[in-house]
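These are my notebook entries on a structure that I am reading for the first time. I recorded what I looked up, entry by entry.

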Amino acid sequence: MPLVYDELRRLAHHYISRERPGHTLQTTALVNEAYLRLVNQKNVHWENRAQFFGLAAKLMRHILVDHARGLAYAKRGGGARKVSLDEAAILSSEQAADLIALDDALEKLAREFPRKCRIVELRYFGGMTVEEAAEVLQVSPVTVMRDWNVAKAWLHRELSHGS
Amino acid sequence: MEADREQQIDELFHAALMRVPAERAAFLAEAGGDDEELRREVSSLLAAHEGADDFMEKPVMEAATRLLADNQARAIINQQIGHYKILKLLGAGGMGEVYLAEDTMLGRRVAVKLLPAHFTTDSERVRRFQREARSASALNHPNILTIHEIGQSDSTHFIATEFIDGVTLRERMNEVRLSLSESLDVAIQVASALAAAHEEGIVHRDIKPENIMLRRRDRIVKVLDFGLAKLTEQKVLTTDHEAATMQQLTTHPGVVMGTVAYMSPEQARGIEVDARTDIWSLGMVLYEMVAGRVPFEGAA
């Protein structure tokens, strides 16, 4: 895990610093590149690419939600932690609140429909296409599409109830 | 939930989606058979689907990538930026992180400020900033931090300045209650720096205790970051000053924005500022040094 994290972090920095205005970050390419770099190392035994992508998407979810909870905590006046402008520029407090609610809803979704939760992770947090997610989960793209549609409706319902 | 139940839901949901919305209820009533629970579940999911619009349409991976990159920035110690070797983090603020570094050519210690990547992706903003920094670097005054170099290494923009071994006025105020004579001494030196800058037509825009350094050795005051505040300003394209104020103050809600307390009224309203804005801010700082708190507290 730390190795994956370090590699993603290093590449992310590289991608951001190369970023030019008007260009969207090709962040799924980043995960691809990280994977290729890691599988070339002898001491890493990734069973397959799918496992890596699943892990990267989980990591992205974890990083974002952690950050969102940190922002929410700082906003409530917790602790003395100052949030720097560049940190805050990444997520507005509204986005942070949405992410936290989504994360909670995803936990519930995972209990009822674990595969749907993974698909949301891969698509929403991992930025993957339907085809890529299908490859990771070893299911057909049609299944991914259907799961995705139902999961979105399910989560949207869950989040609307909460508010 | 059991897998076949999940499949039933998925199938009925998608079969209903194939119908035009007006026909879905009738379709469910028929296709759902006598499974009332299934019918209710799918019907409620369909309603949520219709209201979902662009919910989760755009992946959040980009934000995650930015966070990763931010963390990476903390791993910069011992790296070489231009001919500066980064030694340690001195502080971080809205306009990037400041590191103690060694100038490997001249063998002296300097401070290197790295600008956050997302500030420098807008080339117009970078040009504006460089213009400002160039004019600020022409300022030659004992109370203004000397700029050695404005540069770029790979795509990291940085500013190398003289290194001041000391504390910020904020840190000093946190340690002790300043005496009146010390307060005046600091204020006079800041005023002297401002006078020199204003003569050259340069407005600081962000005078606050965090931007005022007190050198340990001789208590000489150094004003930091002339003109840099321009880099973080949002261009407000509105004549509605109320809205502009709201935008400026709420762009990053939840953030500890020390600056607001020192902002002049015209600055808070988002309209053009001139030298007078710095004088207002200095007034706020002087007040705080003497009274131990800023004159206007609470929500702006």
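Predicted model: local features only at pLDDT ≥ 70, side-chain atom pairs only at ≥ 80, totals over all residues.

I took helices (H or I, at least four residues) and strands (E, at least two) as DSSP runs, numbered from the N terminus.

Residues are numbered from 1 along each chain as its sequence is written, chains are lettered from A and ligands numbered from 1 in the order in which they are written, and side-chain values use heavy atoms, with hydrogens and water left out.

**Chain A overall.** I counted eight helices and zero strands in chain A. Of its 163 residues, 50% are buried, where buried means under 20% relative accessible area, exposed over 50% and partly exposed in between (1.4 Å probe, protein chains only).

**Helix α7 of chain A.** In this helix, residues 130-137, I listed A:Val130, A:Ala133, A:Ala134, A:Val136 and A:Leu137 as buried. They lie on the same side of α7(A), because they cover an arc of only 160 degrees around the axis, the arc being that of the directions from the helix axis to the C-beta atoms. After α7(A) comes A:Gln138, with a positive phi near 60 degrees.

**The cores.** I defined a nonpolar core as a set of buried Ala, Val, Leu, Ile, Met, Phe, Trp, Tyr and Cys residues joined through side-chain atoms within 4.5 Å. The largest has 69 residues, and A:Leu64 is among those that touch the most other members. Helix α3 of chain A (residues 49-75) gives the largest share of this core, 12 residues. Which residues does A:Leu64 contact, leaving aside its neighbours within four places in sequence? With contact meaning heavy atoms within 4.5 Å, I found A:Leu91, A:Leu99, A:Phe125, B:Val60, B:Ala63, B:Ala64 and B:Leu67. Apart from this core lies another, of 25 residues, including B:Val186 and B:Phe226.

**Helix α7 of chain B.** I saw that B:Val186 is also one of the buried residues of α7(B). The buried residues of this helix pack against α6 (169-175), β8 (212-215), β9 (221-223) and α11 (275-291) of chain B.

**Strand β4 of chain B.** Five of the seven residues of this strand (108-114) are buried. Five bridges join β4(B) to β6(B), residues 156-162, and the two run antiparallel; strands pair if DSSP finds at least two bridges between them. I noted B:Thr161 in β6(B) as the bridge partner of B:Ala111.
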